[in-house]
Amino acid sequence: MFTLYFAPGSSSFAPHIALHEVGVPFEARPMSFAKNDMRAPDYLALNPEGKVPTLLVDGRPLTEVAAILYYLARRFPDAELLPRENIEAEAQALSWMSFIASTLHPARQRGLDHAREVYAIADRRLRSGWAIGRYSIADIHLFRLYWRLYNSLKPAPGTFSNLDAHYARMMARPAVRKTIGIEEAIGYELPA
């Protein structure tokens, strides 16, 4: 029913975690940046943007991290990745995911100083808990980007204390550990 096209450590890391959180079977299709897999004609037929993730739902492609996370949360409400019957909490999750996609994700392209400023905003916004007050798809999305920053730039302890605490909570989740194990076994090709 589901097929996830992903590249280890890339943006597709978040939907990969979410699929393990909801616990549904899926086919995993690893893609390689080094082999230019995302430019292959058969993949471009699924995702003309030539990027990951792509989730096939009964053969139909769904793209973009936030859309895939939202779909999985709504399709599998028992996984509790979004609060039920709470439109304000759902809107807060979407607010976080919009901030993550439009502000955090491209921050490093504008330089490390800008990235530090933006992550400081995320750290203050997060405070000391989960993004919307309980675990949700917003946390998965946030974790993917901070995981990359944390492991590539290794910010000094205490620089982002709320994000560091969030990182530790996420690393304790079985779905996160399982996803990291799978992706590490394949190998990361992303630059620092």
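Predicted model: local features only at pLDDT ≥ 70, side-chain atom pairs only at ≥ 80, totals over all residues.
View 1. On a 1 Å grid over the protein atoms alone, a pocket is an open set of points where a 1.4 Å probe fits, with protein on both sides within 12 Å along at least five of seven lines, and its lining residues have an atom within 4 Å of a point. A volume here is the space filled by probe spheres set on the points, which are joined across faces, edges and corners. Residues are numbered from 1 along each chain as its sequence is written, and side-chain values use heavy atoms, with hydrogens and water left out. The largest pocket holds about 650 Å³ of space. Its lining has 24 residues, and those closest to the centre are Ser10, Ser11, His105, Arg144 and Leu145. Two or more lining residues come from each of helix H3 (65-75), helix H4 (87-104) and helix H6 (137-153); H6 gives the largest share, five residues. Helices (H or I, at least four residues) and strands (E, at least two) are DSSP runs, numbered from the N terminus.

**View 2. The open sheet of four strands.** Follow the strands in the order S2-S1-S3-S4, and you will find mixed pairing. Two strands pair if DSSP finds at least two bridges between them. Strand S2 (27-30) and strand S4 (60-63) are the edge strands, each pairing on one side only. Strand S1 (residues 2-6) runs parallel to S2, and four bridges join the pair. Look for Phe6, whose bridge partner in S2 is Pro30.

**View 3. A salt bridge between Glu27 and Arg29.** A salt bridge is a side-chain nitrogen of Lys or Arg within 4 Å of a carboxyl oxygen of Asp or Glu, and the whole structure has seven. Here the N to O distance is 2.6 Å. Buried means under 20% relative accessible area, exposed over 50%, and partly exposed in between (1.4 Å probe, protein chains only). Glu27 is partly exposed because its relative accessibility is 38%, and Arg29 is partly exposed at 34%.

**View 4. Asp78 meets Arg84.** Their side chains form a salt bridge with an N to O distance of 2.4 Å. Asp78 is exposed, at 66% relative accessible area, whereas Arg84 is partly exposed at 47%.

**View 5. Asp113 and Arg116 in helix H5.** These two side chains meet in a salt bridge at 3.3 Å, N to O. Because they sit three residues apart in H5 (residues 112-126), Asp113 and Arg116 are separated by about one helical turn. Asp113 counts as exposed at 57% relative accessibility, and Arg116 as partly exposed at 45%.
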